[in-house]
Amino acid sequence: LQLNVPPNKDGLLEDSDVERVKEFGSWVKRTFSGTNLLSKAVSFSQRNNEIAGCFDPGNPDNTLDNDQTTFWTPYKDDPHVITFWVDTQKLTVCKGDSYYVTIMENIAFGQVIANHTIQIRSVNDESMSEWETIATGTTVGYKRIHPVNLLENINRDGVQLRIIITKTVLNAKPQLTNVALHKDADTYSTTCRTLPTKAYK
């Protein structure tokens with residue numbers, strides 16, 4: 001993150017710059033320190049198979065527990081894709097609000113993700129729509145933040161959200177410690193959309 005706040009000729013930061021940086025820091029804390037909306041809305045993930053209470057690294061729920069010591073990584077022959085079923089009855093999306101998807105790598109293992117894509121699609125009892133890309137990026141590292149447009153994608157019976165790791169350094173297996181959805185703390189809701197849906201279990 002480059003703020004471009006240079007010192008003045010006296011080697012000091014201007015008061016106006018300091019105040020603006022403080023405002024920015026306050027916004028970051030209010031927006032990203034709050035509740036992970038996915039933790040409330042995910043009703044079923046791609047794999048949900050804790051074995052006898054043991055840690056299962058292939059379980060995507062490990063990315064929703066707010067625990068930096070747990071992580072998701074694909075099984076030996078699985079593609080580098082993590083998928084969540086989102087219960088839209090538990091996810092209210094409002095016109096005028098801004099949303100962000102954040103992804104965090106297991107830095108203790110190293111930064112290995114080189115390219116990734118976030119996609120969403122609708123799900124109902126009869127069919128599934130085509131996947132729609134809502135964000136793309138290169139490296140992730142400690143944390144990558146993507147602004148996303150959800151209002152056009154949430155008017156559905158149910159939603160699937162997936163992250164595709166399309167390239168890693170030296171073909172290493174990726175490890176994600178956290179996937180989150182946050183609402184901008186300073187946007188103002190006008191029209192909200194919460195839709196009845198079945199819990200996909």
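Guide: Gladly, and we begin with residue classes: Ala, Val, Leu, Ile, Met, Phe, Trp, Tyr, Cys and Pro count as nonpolar, Asp, Glu, Lys and Arg as charged, and the others, Gly among them, as polar. The model is predicted, so local features need pLDDT of at least 70 and side-chain atom pairs pLDDT 80 or more, while totals for chains, interfaces and linings use all residues. Residues are numbered from 1 along each chain as its sequence is written, and side-chain values use heavy atoms, leaving out hydrogens and water.

Visitor: How do the residues lining the largest pocket divide by class?

Guide: They come to 5 nonpolar, 9 polar and 1 charged.

Visitor: What makes a space a pocket, and what makes it a cavity?

Guide: On a 1 Å grid over the protein atoms alone, a cavity is a set of points where a 1.4 Å probe fits but cannot get out, whereas a pocket is an open set with protein on both sides within 12 Å along at least five of seven lines. Lining residues have an atom within 4 Å of a point. Points are joined across faces, edges and corners, and the volume is the space filled by probe spheres set on them. The largest pocket holds about 230 Å³. Of its 15 lining residues, F32, N66, K143, N178 and H182 are the closest to its centre. Strand 4 (99–105) and strand 9 (176–183) are the elements that give two or more residues to this lining, and strand 9 gives the most, with 3.

Visitor: Which residues line the second largest pocket?

Guide: They are L1, W27, V28, F32, Y100, K143 and I145, around a space of about 160 Å³. This lining divides into 6 nonpolar, no polar and 1 charged. Helix 1 (residues 15–32) gives the most, with 3 residues; helices (H or I, at least four residues) and strands (E, at least two) are DSSP runs, numbered from the N terminus.

Visitor: Why is the pair of W27 and F32 called edge-to-face?

Guide: Rings of Phe, Tyr and Trp (its six-membered ring) pair if their centres lie within 6.5 Å, and planes under 30 degrees apart count as stacked, over 60 as edge-to-face and the rest as tilted. By this rule there are 4 aromatic pairs. The centres of W27 and F32 are 5.7 Å apart and their planes stand at 90 degrees, so this pair is edge-to-face. Ring pairs also link F24, W27, F32 and Y100 into a cluster.

Visitor: What makes W27 buried?

Guide: Buried means under 20% relative accessible area, exposed over 50%, and partly exposed in between (1.4 Å probe, protein chains only). W27 has 16%, so it is buried; F32, at 13%, is buried as well. T92, in the loop between strand 2 (81–86) and strand 3 (93–95), has 38% and is therefore partly exposed.

Visitor: How do strand 4 and strand 9 pair?

Guide: Two strands pair if DSSP finds at least two bridges between them. Strand 4 and strand 9 have 7 bridges, in the antiparallel sense, and V101 has L181 of strand 9 as a bridge partner. The open sheet has 3 strands in the order 7-4-9.
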